[in-house]
Amino acid sequence: HLGIVVPGDHVIWQMDLEDNTGVVLTVQPRTSLLSRPDARGAVHAVAANVDQIFIVIAPTPAPNQTTIDRYLIAAETENIQPIIVLNKEDLLANDPQREHILNLVGQYKKIGLTILTLSATKKQHLSSLHAQLANKISVFVGQSGVGKSSLIAEILQQPLIRTGELSSSSQQGQHTTTTARLYHLDAQPGSVIDSPGIREFPLWPLDPSTLAYGFIEFRPFLQDCKYRNCLHTIEPGCALLKASANGSISNARLLSYQKILATMKDQTK
């Protein structure tokens, strides 16, 4: 039984010379697997053998830190290199949330993540993105409407992907990509995967220690809590609460962890 074959899988297949079709015989072992649960809690694979994940955000729709952190946790759990892309930089200058967005991006830069600031529609600073794509399998994720498909269309230099405008009533993206697809790059070795636009990225259930470990800047403090099973919420002697209070870690990131932890508890009830 082959199981589900997803974009990025390496397969052995047999070609039918008569009608130029083929049959997949085996799926090779995966080095990574990006998955997400559906509304019923069943986990579905999205992409396999991914080297890096581009988390695309934009001034509009406004970035959601918890959503970004869910992607980062998924990347850390599967040992996938995360890169944050701030698209639509041309809209940033006049955005009333400009300082908030720059502070948000600054949090991730401080913990060592690569940040790319560019504009797909204005073709600004795209060379930095092309350099990151070489010899890698990359997946693009993010809220609907942030411009993932526009970026990939620009990378491929062909309008293979249907893109959509923001909904005027809600300023949320319209779901224009429905299934994940892999595209090979022409200009250089490498592949990109476009994933369904989703407004929230629900994680599969993780135990609290694995969840906390997904926040890379928390790791130096995790062994210093007074209690071994510390949840880093209100426990006395919590090293993360202390680190947040003295500025060693971002309070916003700790709050994001606590929000995600609360949703995990709801899932397991």
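Ser138 lies in strand β8 (residues 137-141); strands are DSSP E runs of at least two residues, helices H or I runs of at least four, numbered from the N terminus. The model is predicted: local features need pLDDT of at least 70, side-chain atom pairs count only at pLDDT 80 or more, and totals for chains, interfaces and linings use all residues. Residues are numbered from 1 along each chain as its sequence is written, and side-chain values use heavy atoms, without hydrogens and water.

**Exercise 1.** Determine whether Ser138 is buried or exposed, and find its side-chain partner.

*Solution.* 
- Step 1. The relative accessible area of Ser138 is 0%. Buried means under 20%, exposed over 50%, partly exposed in between (1.4 Å probe, protein chains only). Ser138 is therefore buried.
- Step 2. Its side chain makes a polar contact with the side chain of Gln52, at 2.9 Å.

**Exercise 2.** Decide how many disulfides the structure holds.

*Solution.* 
- Step 1. A disulfide needs a pair of cysteine sulfur atoms within 2.5 Å.
- Step 2. The structure holds zero. For Cys230, the nearest cysteine sulfur is that of Cys238, 3.8 Å away.
- Step 3. Cys230 is buried at 9% relative accessible area, and Cys238 at 5%.

Terms used. A polar contact is a pair of N or O atoms within 3.5 Å; within protein, one must be able to donate a hydrogen and the other to accept it, and residues adjacent in sequence count only if both atoms are side-chain atoms.
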